[in-house]
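Colleague: I would like to learn how to read this model, one feature after another. Could you walk me through it?

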Amino acid sequence: MHFTLQKKDEKTKARAGELKTDHGTIQTPIFMPVGTAGTVKGVHQHELDKEIKAQIILGNTYHLYLKPGLEVIEGAGGLHKFNGWNKPILTDSGGYQVYSLSGQRKIKEAGVKFQSHHDGSYHFFTPERAIDIQRTIGADIIMAFDECTPYPCDYSYAKKSMHMTHRWLKRCFEQMDRTEPKYGYEQALFPIVQGSVYEDLRERSAEKIASFDAVGNAIGGLSVGEPDEELYKATDLVCGILPEEKPRYLMGVGTPVNILECIAMGVDMFDCVMPTRNARHGMLFTSEGIINIKNKKWEMDFSPLDPNGTATVDQVYSKSYVRHLIRSNEFLGFQIATIHNLAFYLALVTEARTRILDGTFSEWKDRMVVKLANRL
């Protein structure tokens, strides 16, 4: 796995690059659709490829471990073979689910004991176990096992948690060194910067993570309820410390505006459930702003869903029709909205890359963040 930095914007810290993996090359900046249980909800793989133009998708370690289970995935020959996606896959480590299951887990130095949300059964994840599970899933990019602290989080807890995440990271790398990929292609481990919203902790964590000299690095523990100002401040600080020649992945972020602002700070990779989850509630992200398609104002609007959209659904279906489908709880409506939102996100980062390469990113970004925040 190798990252090439191709161009840096002269007025911002935005970058264009290429990350080569055994399952294909990822052009950055990139947005990665979230496929929690081995599927991006409601979307076929050929639509992810041809309509949405995804270059890499995510799988969720915690959910895949519980269902369908490692025996099934390994029997299929890994997640790529199981779900029919032949491009790169990134898996999270389960750390975020540990955070979100706050009432059903207990964190110790050894690892985390938690209850399944399916049947209440108990399970124990250690850093070593998280690596082994991700090896078995077969991700191209494996994330280190960490603790994602909540917001707000007091300083002493954030500091204690950060140091434990660093100790767990050492164990993750040791387990990677002791094991081999199961399916004959390279797997790379990305460590994760933590430290909540505290500048000194973020700085210390970024320096520690950089010292491991990994193929790429991630910024975690953000987009958990903190104001955008805190998100941007922490991201900018960490990007100034993480090595320039390695890709930087900002986990769980965010809105189209968040993504453009963080690209300008030097982030290369993003993921978020927002385009898929919000689509199922009728929120559409468009080049002119945000649409709540359930609103009555779209009832008699027979214009294309998004005249500027890149997906077939944008031209084939009208706003009125999609409104009808979603208000009627028709699955097709959720599918159309999901394809539209994901295609918009991918088109947005693709345009950002083009603008970085041709030197017009800064002015374009400033215009777009105003439009994209507009509620139509």
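Modeller: Let us start with helix 6, whose buried residues are Pro-127, Glu-128, Ala-130, Ile-131, Ile-133, Gln-134, Arg-135, Thr-136 and Ile-137. Buried means under 20% relative accessible area, exposed over 50% and partly exposed in between, with a 1.4 Å probe and protein chains only. Helices (H or I, at least four residues) and strands (E, at least two) are DSSP runs, numbered from the N terminus. This is a predicted model, where local features need pLDDT of at least 70, side-chain atom pairs count only at pLDDT 80 or more, and totals for chains, interfaces and linings use all residues. Residues are numbered from 1 along each chain as its sequence is written, and side-chain values use heavy atoms, with hydrogens and water left out.

Colleague: How many residues of helix 6 are buried, and what comes just after the helix?

Modeller: The count is 9 of the 11 residues in 127–137, so helix 6 is largely enclosed by the rest of the structure. Gly-138 follows just after, with a positive phi of about 95 degrees.

Colleague: Which order do the strands take in the open sheet?

Modeller: Strands of a sheet pair through backbone hydrogen bonds, either parallel or antiparallel. Here the order is 8-9-10, with antiparallel pairing; two strands pair if DSSP finds at least two bridges between them. Strand 8 (105–107) and strand 10 are the edges, each pairing on one side only. Strands 8 and 9 share 3 bridges, and Arg-105 stands opposite Phe-114 in strand 9. Strand 9 (residues 112–115) and strand 10 pair over 4 bridges, with Phe-125 as the partner of Val-112. In their hairpin, which has 6 residues between the strands, Gly-120 takes a positive phi near 80 degrees.

Colleague: Which residues of strand 10 form the covered face, and which the uncovered one?

Modeller: In a regular strand the side chains alternate between the two faces of the sheet. In strand 10 (residues 122–125), His-123 and Phe-125 make the covered face, while Tyr-122 and Phe-124 make the uncovered one.
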